[in-house]
Amino acid sequence: AQKVTQAQTEISVVEKEDVTLDCVYETRDTTYYLFWYKQPPSGELVFLIRRNSFDEQNEISGRYSWNFQKSTSSFNFTITASQVVDSAVYFCALEAGTYKYIFGTGTRLKVLA
Amino acid sequence: DAEITQSPRHKITETGRQVTLACHQTWNHNNMFWYRQDLGHGLRLIHYSYGVHDTNKGEVSDGYSVSRSNTEDLPLTLESAASSQTSVYFCASSGVAGITDTQYFGPGTRLTVL
């Protein structure tokens with residue numbers, strides 16, 4: 001069975017704090033893709049990153065970074081020096097060979113000024 | 001620019017009525033998907049299509065149907081709307097056949113069934 005768990009339902013931080021959003025996945029496939037999407041208060045889903053199962057290099061994009069660890073089946077997302085505009089719901093998703101996504105239930109991040 | 005659109009953006013209907021939500025993409029993607037988003041459940045897959053005339057059931061397909069007569073459109077039909085189908089519906093599309101690719105999402109349709 002395939003599953004994505006985002007155990008953190010809601011996180012609140014003060015602006016400029018660093019915050020890590022956790023994502024744990026389950027799959028028996030050896031080839032798979034992991035994704036993060038952002039859903040701001042306006043409601044649209046914005047693609048952030050895709051990572052395949054053979055690439056465990058961490059990735060940094062500005063204030064965003066992603067830590068992929070196959071040993072713990074985790075694909076965590078860190079925002080450095082958070083800003084109010086980072087306030088959103090963040091979804092982690094898994095795709096394994098069928099083009100279909102399995103989404104986590106999302107983590108609502110509130111960044112307070 | 002290529003895009004994916006949904007209409008209507010908001011819809012209020014009554015129990016028992018048939019409702020169709022439109023999804024149109026200009027990416028020329030083969031794969032199209034319909035999800036519903038509910039609090040505490042994230043996004044759940046309703047139906048999906050890998051190409052023209054292909055449709056498949058997802059996790060929560062009961063009460064919904066789709067048809068794919070061309071590459072650009074995948075309308076979602078609620079045959080007899082129920083209050084449990086009040087939700088936000090997202091359409092998405094991805095890549096070309098045989099290639100796993102990023103899904104791009106439409107803006108969503110908020111459906112209320114009274």
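Predicted model: local features only at pLDDT ≥ 70, side-chain atom pairs only at ≥ 80, totals over all residues.

User: What makes S7(B) and S8(B) a pair?

Analyst: Two strands count as paired if DSSP finds at least two bridges between them. S7(B) and strand S8 (residues 76-78) of chain B have three bridges, in the antiparallel sense. Ser65(B), for one, stands opposite Thr77(B) in S8(B).

User: Which sheet of chain B contains S7 and S8, and in what order do the strands run?

Analyst: An open sheet of four strands, in the order S1-S3-S8-S7. The pairing is antiparallel. From one strand to the next, the twist averages 20°.

User: Why are S1 and S7 of chain B called edge strands?

Analyst: Each pairs on one side only. That applies to strand S1 (4-7) and to strand S7 (64-66) of chain B.

User: How do you know that S5(A) and S6(A) pair?

Analyst: The same test applies: at least two bridges. Strand S5 (residues 33-39) and strand S6 (residues 46-52) of chain A share six bridges, in the antiparallel sense. Therefore they count as a pair. Leu34(A) has Arg51(A) in S6(A) as its bridge partner.

User: What lies between the strands of that hairpin, and which residue there has a positive phi?

Analyst: Six residues lie between S5(A) and S6(A). In this hairpin, Gly43(A) takes a positive phi near 105°.

User: What makes a residue part of the lining of the largest pocket, and how many qualify?

Analyst: A lining residue has an atom within 4 Å of a pocket point. For the largest pocket, 33 residues line it. Closest to its centre are Gln39(A), Val89(A), Arg108(A), Gln37(B) and Leu39(B). The pocket holds about 720 Å³ of space. S12(A) gives the largest share of the lining, four residues.

User: How does that lining divide by class?

Analyst: Into 10 nonpolar, 17 polar and six charged residues. Gly counts as polar in this scheme.

User: What is the volume of the second largest pocket, and which residues lie nearest its centre?

Analyst: The volume is about 340 Å³. Of 20 lining residues, Gln2(A), Tyr101(A), Ile102(A), Phe103(A) and Glu59(B) lie nearest the centre. Strand S1 (3-5) and strand S11 (101-103) of chain A give two or more residues to this lining, as does strand S5 (42-49) of chain B.

Technical notes:
Residues numbered from 1 in each chain as written. Chains lettered and ligands numbered in written order. Heavy atoms only, no water. Axes fitted to C-alpha atoms, helices over the stretch in contact; angles between N-to-C directions. 1 Å grid on protein atoms, 1.4 Å probe; cavity = no way out; pocket = protein on both sides within 12 Å on 5 of 7 lines; lining within 4 Å. Points joined across faces, edges and corners; volume = space filled by probe spheres on them.
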